[in-house]
Amino acid sequence: MALPVSPSLTVHQKQAARRPAVSLTASLTRSGVQLLPFERLYTGSEPDGPHALALAADGSLIRARNQSGTLYLSRVSAPSSSSVWNTWSNLTPCTAAAGVALAARPGEVLLAYVDSAASTRILLRTSTDNGSSWSAPTSIVTEASAIGSLALAFNPFGDACLFYTLGTSTTLKRLRRTSGVWAASGANWSRSASVASLTGISALHDGADFILTITGTEVTTGNPRAWAAFMGDLLFPANAWSTLAAIAEADAASSITFAAPGIAYSGSYRASFVRKEAGSVAENRVYTSNTPQLGSANGSWFEPAPHQATGTAGLALAAASSAVWGTTPAGVWYAPLAAGQDLSSRLIRCSLRITPASTRATIELDDADGVIAAGNYAAVIPGATLTLAPGYASGAAGATENGVVFMLIIDRVTSAVRRGRRLARIEASGAWELAQRWHAPQAWQSANGALARSAIFARFAIRAGLSPSSAGIPYAPSADWTGNKPPFVVPAGESAASLMARLLAPMPELVRPEAGLQVVGTSASDAATGAYGAAGQHPIAELELSAEAWQRNWTRLAGSGRYADTFDPAQVYVAGPRFGVLSDATAVDNSQAANWAAAILRKQQMLTPRGQLVAPFDCARQLLDVVTVTDGDLAAAGDYRVIGLGMEYSRGPRPRFDSILVLGGK
Amino acid sequence: MALLRGTLTAFDSVNYKATVRLDGSAPQTVNNIKTSRAIPAAEMVTTRRLIVDTGEASSADEWVVTAVY
């Protein structure tokens, strides 16, 4: 179906007199997830060791670190860039190298550590004044073997859960506190059989369940992993464990391991972990990652990226409403959650062009007050996201209504003065360009029959920080796209755009990069979802129709032990044979080879321009829609596929607000 | 990506398939890569360098180790 727009908008945008209302906002986000521009506030000389971080209810930042068997605490009230971070108090002895954990909620902070007198015993202290003072220790559990890592979290009702490992074994236990009473003993998780070792844990409660990041090695293979998982509490069945979702992977023969994970939630799940490279060049570097907006912790994660923090102890994370904090024993980082900027009133001109393989926008803003030139808009910087929502004041009382929304990424911001007028010009691109800039930092492989093309596509779209989706009826992807499961290898350094193009090459699918990457199924029988030119339809301002030869009119799909040719006779007879071949060994039967050859040829037919239509901006129009065009002057009456979608907006002496549609074959 | 270089980490001399750590991919190897029968099995010694011809093929089944040195 067409993009749904309100009836009032549909009527208004066809009228001779229209009231454009274009919304443009800038945000420091990527696919809806807030970016974290960490700034280092403190560089100290505290030695590496297990440590923990919590944000108390009064905003105090509480840090605990285990320095060779001495537990030090730091409390910084009203933390800021001018705070003093190197004031520590010696709280108590503890077992050297054993874990430390903190958790905070209104009226209570819990501190867990391992008894210096017994490496098998976990002690707990409580603070009721936001970490200013602490109770005497109480023993809450004693195990038969030494304690390894610790993690603590509260649920919204004040119940708590302590998670701990036994050395680096596969045992990960939970110890719950319910209505103020700790359980008598810990209970092992149900995923011991999935791992060969555990090197670190971290936990939070997301309001529904306990979420953990876990580092260790995989069972059987011994492959190092950083994982995310959840244990049920309020949403999922209590104490039930999810499967482990890989955030980072290495193989056992490599010189890479993972340790010291951290976790926080700020608009999405945020993970940190240490990537230890024991080979050359040796390095212990913190990496961070996050889930997509609305993503599950045990789903897909963005590609982990290196962080400034180094060392073996990892980066503890804590999220406030306005910032995310990260700490190591010798470092403090602060990432403010910058507010976005509404640039709508500054918009002078916008030119946008989108194809299935590209997005380009040039936007001109009024900067008479110099705010943009002075850098005072934190979100108007390269890498930030622009949300462009073209619409009209067509709603009740002139309320703005819109349809298609475009997500753009700022590439360049230029400040200029033109004829005495201060301006800012933004050049932006879109999802495909982001996919072109993301390159695989390591090889990846999927065996034959393991993952569908759609799943591989989605995996790498998310790794690249994009939002993948599939179009709905009538443009839902084909059964081959969702069912064909090829053997697929991604070498290190290949771009996401390249590997996605390989997945798409023999398929009838194309991609709509308006606000993420939406895979659109195409068929010659697709019904039109829009109409231009005839009475009552969207009016046409300009129309050009053209004819040109296809780039390829004879295609061959070379499959496994077979090949299939298809061609367009009319094109071949006049333009001559324009041959192209695609090798794909996953075409294992004749009909598959023939269908894929036909799909490749049909893309040629679709993507060869047949004309251009200019119309008052149509909020319901999306790239790859099929539209009916009727024009008596050019004797045009037929269906075309929109293979280029553009917008031209300008205000001032020559106002303009038009859709520019490049028409291709259906 | 027609030709890639890497280091041999394992070799299955029965099925003549190699596990390769491609250059730039320190954390992960690629396995089950077919190996040219012109290369004697005895030459497929781990840690040796090799060249993989991907043939611009999407399918990993079409990759071939063509040289070891």
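Author: Let us begin with A:Arg512, which is found in strand S40 (residues 510-512) of chain A, where strands (E, at least two residues) are DSSP runs numbered from the N terminus. This is a predicted model, in which local features need pLDDT of at least 70 and side-chain atom pairs count only at pLDDT 80 or more, while totals for chains, interfaces and linings use all residues. Residues are numbered from 1 along each chain as its sequence is written, chains are lettered from A and ligands numbered from 1 in the order in which they are written, and side-chain values use heavy atoms, with hydrogens and water left out.

Reader: Why is A:Arg512 called buried?

Author: Buried means under 20% relative accessible area, exposed over 50%, and partly exposed in between (1.4 Å probe, protein chains only). The relative accessible area of A:Arg512 is 5%, and therefore A:Arg512 is buried.

Reader: What makes the pair A:Arg512 and A:Gln518 a polar contact?

Author: A polar contact is a pair of N or O atoms within 3.5 Å; within protein, one must be able to donate a hydrogen and the other to accept it, and residues adjacent in sequence count only if both atoms are side-chain atoms. The side chains of A:Arg512 and A:Gln518 are joined at 2.7 Å, and the side chain of A:Arg512 also reaches the backbone oxygen of A:Leu623 at 2.7 Å.

Reader: Why does B:Ala10 count as partly exposed?

Author: B:Ala10, which lies in strand S1 (residues 3-12) of chain B, has a relative accessibility of 31%, so B:Ala10 counts as partly exposed.

Reader: What makes B:Arg21 and A:Asp251 a salt bridge?

Author: The term requires a side-chain nitrogen of Lys or Arg within 4 Å of a carboxyl oxygen of Asp or Glu, and the side chains of B:Arg21 and A:Asp251 meet at 2.8 Å, N to O. Across the interface of chain A and chain B the rule finds one salt bridge.

Reader: How do you know that A:Cys619 is in no disulfide?

Author: A disulfide is a pair of cysteine sulfur atoms within 2.5 Å. A search of the whole structure finds zero disulfides over all chains, and for A:Cys619 the nearest cysteine sulfur, that of A:Cys350, is 13 Å away.

Reader: Is A:Cys619 buried or exposed?

Author: A:Cys619 counts as buried, because its relative accessibility is 0%.

Definitions and conventions: Helices (H or I, at least four residues) and strands (E, at least two) are DSSP runs, numbered from the N terminus.
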